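User: I have not seen this structure before. Please take me through a few of its features.

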Amino acid sequence: MGSTGSPYSVAALPTSGRPLPIRTPRSATASDDSAAEEPVSPTAILMDAIYIVVTIGLGCPVNLPVLRAGLATQLARYPRFRSIQVTDGCKNPRWERTAVNVDDHMIVPTLDPVAVEADPDQAVDDYVASLPELPMDRSRPLWEFHFLDFPTSDATSTVVIRVHHSLGDGTSLIMLLLASARSASDPTRLPTMRELTVRTGAIYKPWRRQPPSAGALAASAAWVFSYLVLAWNTVVDVASFAATAAFLGDPHTLFRRADHDVAFISPRRFVRRSLSLDDVRFIKNAMNCTVNDVLVGATSAALSQYYFRKSGYSKTGKLCLRSILFVNTRPTTSLQAYVNMIESGKVDDVAWGNQLGYILLPFHLAMHDDPLAYVCKAMNTVDRKKSSLEVIFTYKMTEIFLKMLGLKALVVHYQSYNNTLKVILSVDEEVFPDYTELLDDFVKSFARIREAASRLSTSIKKE
């Protein structure tokens, strides 16, 4: 892997005597295996310039021999991690199996020891920010593990995983990582995972349901009316989506560049803060809403604080932007069920790949005296979107959607682990040079909403 244009020296691990290959049923040169003729999906083709970057903090130093053996054993279960994209003439790209040398995918970078000593957290952040600019060798499967074996403020060592988005989405990667992990208390067992909350929304329900058989006219009328609402909302959302792709656009604020192409290829920096997941659940229970409602509301509050402070606009003003909200279109099977399928060898039954839909979510920037107003607004907006099949439409129309809209200068991602919620921002440094202030706004907004929810909960108890 080359290091041209990067301040870091990056090299693959030296092999110990002989390569450690992942066994595959065929080589990349064979052409009679049906698996080799599997086409690359349109979504995967459009992910050509996009990577998934995952940073994992470890509680112990990196044990390279153990990790090397684990990768060779576990990743052999996932066909995408032992496949490359190939084309023949004018044919569309297809996946083809190839032999894999794990050492080619294990990277130990040489970082400036002075920089690491001065600020190890910043050294990790700077290295992670450099990864999207480094090319990947397309003659090999497009995944890498980078090992940073020095302590930071919240980990003894760090593993950074870079995976090309064509291999799958975040849920696919989480499923694979969980299937590759073992319980710390019992290495023979898989880790115990919390069951996923049952998701609501039209896309997770059967489309064809029989009317109530009880014979009640009111129940039948309600059943028909619910489908009329679903049809109407879908038509409105699809029309709005088409108009946005064709000619409508948001005002040029600091959250969006005028040139989408520049925003698409501009350098990105990944920054993060830790929040209490218990606090998020407390707000959810106090407001009788979902965790996603709380996160959307808190994001609106944080971006509103940042926007009105930086723009100098009157705080009595209001602005509505449109954001892209990614939606996992997989059925509501828990992660535990998927991991059990992988463990039992039923890999083909797992919903791999990019199973993502999108909705255009109206995003409101305003200054509210009551912090809970942000959550209420988010709850109403998200509930309305749940009563629509817009996600199914955008999933099928991904190619047009990405070509017309491109990517924004800011991407907000939330990831929970144990009782910690990480808010992760992918920022365009030219647009957000003061990204630490934006992170502070997230922390302050969550704190204000949590305090308001606490007062609400206390007043309800008194009543």
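Predicted model: local features only at pLDDT ≥ 70, side-chain atom pairs only at ≥ 80, totals over all residues.

User: Which element gives the largest share of the largest nonpolar core?

Analyst: The largest nonpolar core holds 41 residues, and F255, L425, F432, F442 and F446 touch the most other members. Elements that give two or more residues to this core include β9, α8, β11 and α14. The largest share is nine residues, and the element that gives them is α9.

User: How many residues are in the second, separate core?

Analyst: Among the members of this second core are A44, A72, L75 and Y338.

User: Which residue in the turn between β12 and β13 has a positive phi?

Analyst: β12 and β13 pair in the antiparallel sense over eight bridges, with S416 opposite L421 in β13. The two strands form a hairpin with two residues between them. The turn residue with a positive phi, about 55°, is N418.

User: Is R322 buried, partly exposed or exposed?

Analyst: R322 lies in strand β10, which covers residues 319-328. Its relative accessibility is 22%. Buried would need under 20% and exposed over 50%, so R322 counts as partly exposed.

User: What is the distance in space between R322 and P251, C-alpha to C-alpha?

Analyst: In sequence, R322 and P251 are 71 residues apart. In space, their C-alpha to C-alpha distance is 9.9 Å.

Key
Residues numbered from 1 in each chain as written. Heavy atoms only, no water. Helix = DSSP H or I, 4+ residues; strand = E, 2+ residues; numbered from the N terminus. Buried < 20%, exposed > 50% of the residue type's maximum accessible area, 1.4 Å probe, protein only. Core = buried A, V, L, I, M, F, W, Y, C linked by side-chain atoms within 4.5 Å. Pairing = 2+ DSSP bridges.
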